[in-house]
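Please look through the sequence and the structure below.

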Amino acid sequence: MDKRKLHLYITAGALASLLVGFCLAHFLLPDKALSERENRALQALPEPTVSTVTDGRFEEDFADYFSDQFPLRQEWIYAKTGAERLMGKTESGGVLLGKNGYLFKRFTPPTEEAFTESTTSLAALKEKVGDTPVYLLISPTAAEVYPERLPLAAYTEEQGIYLDRLFREAAKAGLRTVDVRGAFDKIKGESELFYATDHHWTSEGALTAFERFAAAANLDVADIEYERLPVSDSFVGTLAATYGYPAAGEDITVIRPKEALPLSVTYPDSGEKRYSLFDTDKLATHDQYALFMGGNFATVRVRSAANNGERLLIIKDSYANCMLPMLSQHYESITLVDPRYYRGDLYELIEAERPDQILILGNADTFAETDLSLFK
Amino acid sequence: MVFSSLYFLFLFLPVVLGLYYAAPRVLKNPLLLIASIVFYAWGEPIYVILMILSILINYVLGLDIARHEGVGRKVRLIVAVALNLLVLGFFKYYGFVTETVGALFGLETGAVALPLPIGISFYTFQALSYIIDVYRDKVTAQRDLISFALYITMFPQLIAGPIVQYKDIEAQMHHRPFDLLQVTSGAERFILGLAKKVLLANTLGQLATAMQGDAKVGMLGAWLGLFAYTMQIYFDFSGYSDMAIGMGAMFGFTFLENFNYPYIADSITDFWRRWHMSLSGWFRDYVYIPMGGNRVRTWRHILNLLTVWALTGLWHGASWNFVLWGLYYGVLLLVEKYLLKDFLPRLPRALRHIYTLAVVMVSWVFFAFTDPSAGLRYFGALVGVSGLGAEAVYSLLNYGVLLLIGGICCTPLVYKYYRRLSEKIPYISSLLAILALLLSVAFLVHDTFNPFLYFRF
């Protein structure tokens, strides 16, 4: 047989086998309901009805179904990102792959309108709560704190500029700004302040930030000793999932005071009541960071045996979750509100909870995108 | 349906191919027709009716034209052409026309344009080619409705061409003996087209789109984006054509080539003998030559050429930037024909190629931006009005290898060596093809990768 023919037969044969093989595998293998790595439900086989077929919904859903349930989906994704890395691509899905496997989220600066909206909302909040001090602690992310680990020539100065402007405008509106960047810079060599595969700060980062807040809010932290408990070495976070990076697991360490006060945690949405800030069941799932507070909810109430009459309201994103162990020593009541989920009236809640202090606690990436119309 | 999707590749295609090869000869065409209608209806569940109507009307009119002579024949031709153009004009250009007229008279029209039925530009032009060639007695009017319908709807070329003229396919409708060499060559062609589209066009497109969408793009970024877009458009379109031709071959059809390494052209005239050849061929055969072509006095020739090119531009999209794009080429072709005819061949080859590429790349800026202010801004960025934009070095590092590979693939070199390899060391060449296929699938799977960050975070 001439060689060209051999080449064609092999190639065409491979195409046929691949198409038929995966087609069969697709339908023979059972469908999956959930993707832990992608953190979403996978499309199930849609039912064709006259209306869904004629308006295109069935077709769209079927296309999603076919892709979501495609055999070896995760392996194909690793192959793709691997091939891209070979060609020098260091970014995928808004996540940058830096040195030594460190992953970073690309900061997207808000538009001028969005920025003005947020600063107006902050000013509105301060006005409405009158004398109650409002602290603003927006943490930088790993891209800002460890820029030397970013891939070559990655451009990310925008986050620093954003934080500068944010703190300036907030201070003008009467908020007490807590800028942790200086403290992070000093300690970043000795401690890992952020996870390598996740967009959150580590407990070390949270502790460093807490100490800055404590200084600003005059909390008595002089005699507090902390213990560090390693609870996992298999954590693979959101950034690895978004990028499609086959990361090895990393450590999670819990930091809490050695003499932690007893406390209760109430979740108004479900009515559940617990007696710990940690949900260790979550360590068995893919989303191990949810160990802290069990995840994010519209509101959560923490009552501790501090018995000092101090009440704190935290308007937060998920960064706050691992700072609770340090905060709960100093406040007998802490109320958490997540503006991404809370649908009620913020000021009614404030009136009900009567906080002595309000802390807005989050990170630059999330805060730049969060809708603060809750404050108006 | 889209060729570069998992459900097409791994469900529709294997099922249709399997049924086709298993089917007895008399059922092959009806099977393909049904598959093609399903293919079209999948993307256009409502407008499929429009296409079916177009088929029926053109079928009837074609037979009618053939039955008459003289004036009656001509009148029927005019009716048929007018009907086809009216439908195309209505669905594609209604919004464009009303807006333009409104702008001329200072009126706010608030016209709501209908959504454009997929492929209408392609299948209408194929229907017109049939009608006109029946009139000219170049082909026999097709009595078999199924064959005629298949000509219009055949799914390999329905959505994105190549535009197949009826005379090139008439004989193949009922005579396509099974040829293993043709089928396997088609499979190979299909894989190469898929790789061009998924590995090159889509990836380069990310860079192009990012730069085009960045209002603050600097000179470095703008040029990177323009190189990327230039290659994206070529790989996208030619990749689709390769897939169409490859699939056609798998069903026993031979379609004409649509692209012939356009970026190695050494003049604009040469470029248009290599780019989207089925479209320029269609305009030549059905507009330019009937208008007199170049066998007329000079002023009339200029008019003919500019008309054809304005129409070519307009065919690409219902927006003035496309007309401008077309006229740009029309003017340049005239300049090359009348002013540069003796000068151009005397230039050193390298300069001719650079001249051609520069002209073509500029044309893509017209093509990319329907909003004139955005287009002007991009032109400004290209010449440095917005500064150097050194942060684009990051994009250069990320896409540099890809741009280089893309550039080489624009030349015949890659295919030539691959082809030679397949004739000398078939195990390695087939491995390369298979790798390209596997990588294409990986990229397609990743396209649907959609992690939802904030639900629980």
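Lys and Arg count as positive here, and Asp and Glu as negative; His and the chain ends are left out. The model is predicted. On that count, chain A has 39 positive and 57 negative side chains. The centres of the two sets lie 3 Å apart.

Chain A contains 13 helices and 15 strands. Its C-alpha atoms fill a box of roughly 90 × 50 × 45 Å along the principal axes. The chain has 376 residues, and 56% of them count as buried. Take the contacts in chain A with a separation of 6 or more: residues 24 or more positions apart account for 70% of them. Chain A exposes about 16200 Å², and carbon and sulfur atoms supply 52% of that area.

**A positive patch**

Four residues gather in a patch of positive charge on the surface: Lys3(A), Lys416(B), Arg420(B) and Lys424(B). Helix α18 of chain B, residues 413-424, gives the most to this patch, with three residues. Arg420(B) is found in that helix. Arg420(B) has a relative accessible area of 40%, so it counts as partly exposed.

**A nonpolar patch**

Chain B also carries a nonpolar surface patch of about 610 Å². Its members are Ile49(B), Leu53(B), Ile57(B), Val71(B), Val75(B), Val79(B) and Leu83(B). Two elements of chain B give two or more residues each: α3 (48-67) and α4 (70-104). The largest share, four residues, comes from α4(B).

Ile49(B) sits in helix α3 of chain B. Is Ile49(B) buried or exposed? Ile49(B) is exposed, because its relative accessible area is 52% and the cut-off for exposed is over 50%.

**Two buried loop residues**

Leu344(B) lies in the loop between α14 (320-339) and α15 (349-368) of chain B. Its relative accessibility is 8%, so Leu344(B) counts as buried. Not counting residues up to four places away in sequence, Leu344(B) touches Ser267(B), Glu336(B), Arg352(B) and Tyr355(B). Leu344(B) and Tyr355(B) are eleven residues apart in sequence, and their C-alpha atoms are 10.0 Å apart.

Thr202(A) belongs to the loop between α8 (181-187) and α9 (203-217) of chain A. Thr202(A) is buried too, with a relative accessible area of 10%. Beyond four places in sequence, its contacts are Glu192(A), Leu193(A), Phe194(A), Tyr195(A) and Cys322(A).

**Salt bridges**

How many salt bridges does the structure hold over all chains? It holds 40. One of them joins Arg228(A) and Glu204(A), at 2.7 Å from N to O. This pair links distant parts of the chain: Arg228(A) is in strand β8 and Glu204(A) is in helix α9, 24 residues apart. Arg228(A) is partly exposed, at 43%.

Asp338(A) forms a salt bridge with Lys316(A), with the closest N and O atoms 3.8 Å apart. Asp338(A) is in the loop between β14 and α12 of chain A, and Lys316(A) is in strand β13, 22 residues apart. Asp338(A) is buried at 0% relative accessibility, and Lys316(A) is buried at 6%. In chain B, Asp236(B) pairs with Lys197(B) in a salt bridge at 2.9 Å. Asp236(B) is in helix α10 and Lys197(B) is in helix α9, 39 residues apart. Asp236(B) is partly exposed at 23%, whereas Lys197(B) is buried at 10%. Salt bridges that share partners also join Glu272(A), Arg274(A), Asp279(A) and Lys282(A) into one network.

Key:
Residues are numbered from 1 along each chain as its sequence is written. Chains are lettered from A and ligands numbered from 1 in the order in which they are written. This is a predicted model: local features need pLDDT of at least 70, side-chain atom pairs count only at pLDDT 80 or more; totals for chains, interfaces and linings use all residues. Side-chain values use heavy atoms; hydrogens and water are left out. Patches are made of residues with over 30% relative accessible area and no salt bridge: like charges are joined within 9 Å, nonpolar side chains (Val, Leu, Ile, Met, Phe, Trp, Tyr) within 5 Å. Accessible areas come from the Shrake-Rupley method with a 1.4 Å probe; for residues, only the protein chains shown count as cover. A salt bridge is a side-chain nitrogen of Lys or Arg within 4 Å of a carboxyl oxygen of Asp or Glu. The place of a charge is taken as NZ of Lys, CZ of Arg, CG of Asp or CD of Glu. Buried means under 20% relative accessible area, exposed over 50%, partly exposed in between (1.4 Å probe, protein chains only). Contact means heavy atoms within 4.5 Å.
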